[in-house]
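Hi everyone, thanks for coming. Let me put the structure up.

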Amino acid sequence: MAGVAARRLPEMGLSALLMLALCAAGARALYFHIGETEKRCFIEEIPDETMVIGNYRTQMWDKQKEVFLPSTPGLGMHVEVKDPEGKVVLSRQYGSEGRFTFTSHTPGDHKICLHSNSTRMALFAGGKLRVHLDIQVGEHANNYPEIAAKDKLTELQLRARQLLDQVEQIQKEQDYQRYREERFRLTSESTNQRVLWWSIAQTVILILTGIWQMRHLKSFFEAKKLV
Amino acid sequence: MLLSGSAQRWAASAGRWGCRLLALLLLVPGPSGASEITFELPDNAKQCFYEDITLGTKCTLEFQVITGGHYDVDCRLEDPDGNVLYKEMKKQYDSFTFTASKNGTYKFCFSNEFSTFTHKTVYFDFQVGEDPPLFPSENRVSALTQMESACVSIHEALKSVIDYQTHFRLREAQGRSRAEDLNTRVAYWSVGEALILLVVSIGQVFLLKSFFSDKRTTTTRVGS
């Protein structure tokens, strides 16, 4: 009897601890469901030399208990990042919980693709996986309390550092904007040129075929003695 | 339960502590921050995202379609009980603010089911509560100095600059995608039209010639 009560107390303590752990683990991220071999891609349009940090956490669906298990050991996620030219920047396998980082060297659309590598899911998970994802770009990727502790900054210095990072990000974005505007201008000019030359070409073809038609038919009718 | 007096008292106090801990956890501020994601939505597909939100948190969902088709998408936001808070069909851009009236998992979905063959790229920004403060002990009793409050207002202003830059970038991406689309279409259609022109002109002439060739044989037969 005392044993029953004694067993229930650690259980209560454990559940409270688990809730605390969940809150502390930053369960604040967005999540979505992914199938077994399904690949989910996210695009980040970023300027040059920008750091991107992604955190993810996976939970597997337990068909029997009809609930998502809190952690899934043995389940891995493959993360692949491609730069705007299609070249692979990062292609690594991480565990069921992971953190990936990369820095862009060319401005543009970087594609981050995630897919699970597990085939165990088909066996007893009903093929559903819950992925919590959090992607931080540029200035948002900085961990200020950590920086303050490392460089021993006062509060004002830390605030100034944050402002400097923000302004740097704005500057990079402005440079990227100039590069994009140039591309847009080149595309527009190319369209302009194409429209111009092809219109001229088509008019010339039209006139030439018209002339050819008339001459050909005229000689045909003359040969048939109808004209 | 057949417990001894001391064990009972211990169990009761542990139970009280457990409840207090639980109550403390509920007072802990819920998730905060923003999730900004751009993803690809294939044709005839629907993709949903979920987030756990606590009662009373002010949230904003903003989305924009960047590339694909007519640049529109269906969006739907539901609360934990399944009530639809926001539903719009074929929208290009929208922003929706709401205050969470219940604790639980909020779900929002983007659907491209009305489109048969265009992939869409959708950007969304889901802001939950306020951004986490710079210092863990932000709720201090002492007021901010003038320098600190100046820093805070500069920070807020820069945040809105970055926000405007993002919106500008998305609109420009949309414009650029249309321009590149136009460029390739002009090329293909011009070549195609030139070929059709040639084929039709030559074909017309030969068809006409064939009419006159047949007539000639019939006239000779009639004559004889």
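So, domain 1 and domain 2 of chain B bury about 890 Å² between them, and 47% of that is on carbon and sulfur atoms. Keep in mind that this is a predicted model. Which residues on the domain 1 side of chain B lose the most area to domain 2? They're B:Gln64, B:Ile66 and B:Tyr71, and together they make up 56% of what that side buries.

If you want to find the two parts, domain 1 of chain B runs over 36-130 and domain 2 over 148-208. The contact takes 9 residues from domain 1 of chain B and 8 from domain 2. On the domain 1 side, strand E3 of chain B, residues 58-67, gives the most, with 5 residues. By class, that side has 5 nonpolar, 2 polar and 2 charged residues.

Okay, on to chain A. Here domain 1 is 30-141 and domain 2 is 143-226, and their C-alpha centres lie 32 Å apart. The area buried between the two is about 810 Å², with carbon and sulfur atoms giving 51%. In domain 1 of chain A, the residues losing the most area to domain 2 are A:Pro47, A:Pro107 and A:Glu139, together 62% of what that side buries. And how many salt bridges does the rule find across this chain A interface? The count is 0.

Note on methods
Residues numbered from 1 in each chain as written. Chains lettered and ligands numbered in written order. Predicted model: local features only at pLDDT ≥ 70, side-chain atom pairs only at ≥ 80, totals over all residues. Heavy atoms only, no water. Domains from an automatic or database assignment. Contact = heavy atoms within 4.5 Å. Buried area = accessible area lost by both parts, 1.4 Å probe. Helix = DSSP H or I, 4+ residues; strand = E, 2+ residues; numbered from the N terminus. Nonpolar A, V, L, I, M, F, W, Y, C, P; charged D, E, K, R; others polar. Salt bridge = Lys/Arg side-chain N within 4 Å of Asp/Glu carboxyl O.
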